[in-house]
Amino acid sequence: MNILVPVKSVIDVELNIRVRDGRVVEDGMNYVLNKWDENAVEAALVLKESQGGEVTVVTVGPDRSGEALRKTLAMGADKAVHVNDPATEGSDAHGFAKILAKVAARGAYDLIITGKQAQDTDMGGTGPLLAAMLDLPLVAGVIAIEPQGAGKLGIRRLGQFGTEVIELALPALITASDSLNEPRLASLRGIMQAKKKPMEVLKVADLGLSAGDVGSAGARIQVVEYLPPPARSAGKKFEGDEAETTAQVMNLLTNEAKIFA
Amino acid sequence: MNPTLISLALLASLATFAYLVITKLRVLLRMAPENRFDQPLRRLGLLFRIGLGQSKLVGRKRERSAGAMHFFIFWGFVILGLREIIVFGEGYMHGFQEVLPLLGSDSIAAYVYTFVYNLFEVTVLCMVLFALYRRFAIRPARLTLNREANTILFMILGVVITDLVFDAAKFNLIGLHGHELHHLRHPVFGTEMDWAPFASGLAWLISSWGEGVTAGLYQMAYWAHVAVILVFLNLLPDSKHAHVITALPNVLFGSLGYPHTPVALLDVENEAAWEQGKLGVDRIEHLTWKQGLDLYTCTECGRCYDICPTYVTGKPLTLKWFNESLRDHLREEEAHLNRTGASSGEKELVGDVISPDTLWACTTCRACEEVCPVSIEHVPRIVAMRQAQTLLHEAQPEELNNTYRGLERNGNPWGLGYDQRANWAEGLDIPILTAPPAGDVDVVMWVGCMGAFDNRSQKIAKATAALMHKAGVRFAIMGTAEKCTGDLARRSGNEMLYQTLARENVETLNGLQVKKLVTICPHCLNSLKNEYPQLDGHYEVYHHTQYIAQLVQEGRLQIDGKLTGTVTYHDPCYLGRYNNEYDAPRDLLARSSQDAPVEMRRARNESFCCGAGGARMWMEENIGTRVNEERLRQAREVGARTIATGCPFCMTMLADGVAAAGAEEEVRVLDIAEIVLQSLRT
């Protein structure tokens, strides 16, 4: 089973995000592999281990995104494709999907797995758009995968009324939830082997796209400005005995937060 | 006596003995190399203190009677060694003793020696009887009753009894029956009989026996003695009593560095080492020859057994069996090792020989090494085995993965944003070092992850900062440039991650030209002081209690005894046993407390670990009872209302123990710095 895993390198959300002049300050930021993409890589590796085949990882982004790819190779992916082109800067989900669709077309993949969303934009659009462009069946927010013989996967996801059990014919695209698995660490063995694994670096032109198709030029939505996240207001301290504090809390919950309305 | 017979016996015995010993020596040569031949004078010091002085045996109050017993048996062996030369020589030549320097009839030394060995024969006899009494009647938990130990004890009895009987029969043959047998005589010094009161006494007891019986007894005792000695010799190499041969060398080649040889700086980039599976200890032959000698030397005395926090709390790690399992495995592999240079690989070192639960239970507290009478180094081999598990097999406990991820990304075990590392110091007027200090910084405070991020531990950092401010110390912190020292990664065998963190820290510290550091965390202290030199990081590092004690000594801080209620001090392993600091915190505590602090039963170098060391802080503790709750019990046993400590990890563990016991009203846990701050003269 050959699997393509699109991943994204995102700002470490553990850090304080600072906004200056409507832009996110990149200075002092660390970039890490998007956590849902980590789940996607793990799922792909588990499938490869039981079904054979190859796991290809792809990302779109500047030089620093290469580190995220190295990490997936160290986790056990077989090869990587890095679309590293300044023209892609400012892409929206549609733009990313366009590029990824071209990459997907270069190989014969039975399955595409990606994270259900990215930690930085929280948009969750790239996976579904990519499925649409490739005309593949889509299951989003997968919590379990069970191989079911040739060309089929048993899939579970959390639906509105409970766990949905799905039989999915391949090829298909699924997006990973974080309860899908516990991603492995890049081991020393992996890091050693990753050094020898192929990483292909492409420009958009190599994919038959022009600079105008992608990046801010090709984007259908524009982020005009970033606003800083609201500062956390100080907590409230309730004093008195249990009966008093309970009454105070209930009062605030009912009248101020209106959660029982 | 009978030169032919004695020659045959000696030849057979010594040949077998040489074969056994050479087999072991060849095994040791197959193991990893290590230089233990440096600094011969300091090594002789070890030999004299720990070996000949038996300091670890007689030095411990709790074990004094058993220690004294061993002291006398040991010295009995040394003294009777010379006696054996005389006895075996007599087998070849009548009056052999006369040709030995200083041991002939005209030398007073010969008579004195006769008295001494006669005295020691009886002493050893009594000590062995005491040992048997201990084994059969007292039955201390750390000892295991087995045939091997008893056989050896009875053989020692055999050695001294046969020689006493031999002398007694000889004296009677000479004195009562006029036999011309060699014995010491001198007109002034008297005769051998006068100098051997116990043998003479025994002779008197059997003086009624006839000449024939006595002569028979004389022959029998002689040959029985020879037989026991020669059989005993060959029982040694493959038994736990090999220590008779190996203990002194093991002490001589013991670790000189304090507290033990640092963890090996592995070359994690070396692909060949990786491909051959030679990272850490994955097979028995990856142990160094000294660690191999450690295995052969263990006598299963079990001192490491009842000192170990994991044994006390019912975990599968008992170091005595840890050593024994490895040693038995080594013995099984001896032939294969000597034939091929490698072990057979039939058994996995971790999995078949040592269970993973056992390997990962260790808190690296080093209590076992402090009490081992023969200088066995337990912790380095455990860490080395963890290295192979983590680096080669990726078999570290799962809980560590998130911790590693946090360290990788944000340089702290929780993975909290590295940019928030200096938040605790906001508004405290502590400068952050961004360029090499221009002579306006006395010391740099290394905060550590706990002090920087953990709510409770931040109070320790703040108290220390407040004290330094009060004393007018000019200090700075490194802000967000500081990262975890890597201690927990290293103790759990993740040398790769340790080295990444440590190299970055060394680069930062050297870039800022930092020379002097003070830290509130003994684990940071140990890494910065004892481990960073391997990576070219050389700093003068103080624990905050050491630094504060210095300020007090210089009169820059004045303390009054304001703390009330019973207080006791809990020694952090990495401050005490790893860095030999027991007194500075005690001194500060004594000055700050109205009443003299009380000591727990387990204190100073025999302190009981809180359970957090060796990366145990970041692993689940599912087996047996909890180490921290046991320590709390020990503190409450002496009536402590305040437990003082000097480590944020000990603080957390003990406070958790207090919470688990619901004893917040009765006991509180404070850092020495907090106590000092509350006791400052106003």
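Reply: Helices H19 (448–453), H21 (487–491) and H23 (522–531) of chain B each supply at least two residues of the lining of the largest cavity. Helices here are DSSP runs of H or I with at least four residues, strands are E runs of at least two, and both are numbered from the N terminus. This is a predicted model, in which local features need pLDDT of at least 70 and side-chain atom pairs count only at pLDDT 80 or more, while totals for chains, interfaces and linings use all residues. Residues are numbered from 1 along each chain as its sequence is written, chains are lettered from A and ligands numbered from 1 in the order in which they are written, and side-chain values use heavy atoms, with hydrogens and water left out.

Me: How much space lies in the largest cavity?
Reply: A cavity is a set of points, on a 1 Å grid over the protein atoms alone, where a 1.4 Å probe fits but cannot get out, and lining residues have an atom within 4 Å of a point. Points are joined across faces, edges and corners, and the volume is the space filled by probe spheres set on them. For the largest cavity this gives about 220 Å³.

Me: Why does the largest cavity lie between two domains, and which are they?
Reply: Domain bounds come from an automatic or database domain assignment. Residues of the lining come from both parts of chain B, so the cavity lies between domain 3 (411–552) and domain 4 (567–678).

Me: How many salt bridges are counted between domain 1 and domain 2 of chain B?
Reply: A salt bridge is a side-chain nitrogen of Lys or Arg within 4 Å of a carboxyl oxygen of Asp or Glu. The side chains of B:Arg36 and B:Glu377 meet in a salt bridge, at 3.1 Å from N to O. Between domain 1 and domain 2 of chain B, the count is 2 salt bridges.

Me: What area is buried between domain 1 and domain 2 of chain B?
Reply: Buried area is the accessible area (1.4 Å probe) that two parts lose on being put together, summed over both. Carbon and sulfur atoms give 48% of the area between these domains, which totals about 2,100 Å².

Me: Which residue of chain B forms a salt bridge with A:Lys196?
Reply: A:Lys196 lies in the loop between helix H5 (188–194) and strand S13 (199–202) of chain A, and its partner lies in helix H11 (residues 271–275) of chain B, so the pair joins two chains. With the closest N and O atoms 3.0 Å apart, the partner is B:Glu271.

Notes:
On a 1 Å grid over the protein atoms alone, a cavity is a set of points where a 1.4 Å probe fits but cannot get out, and a pocket is an open set with protein on both sides within 12 Å along at least five of seven lines; lining residues have an atom within 4 Å of a point.
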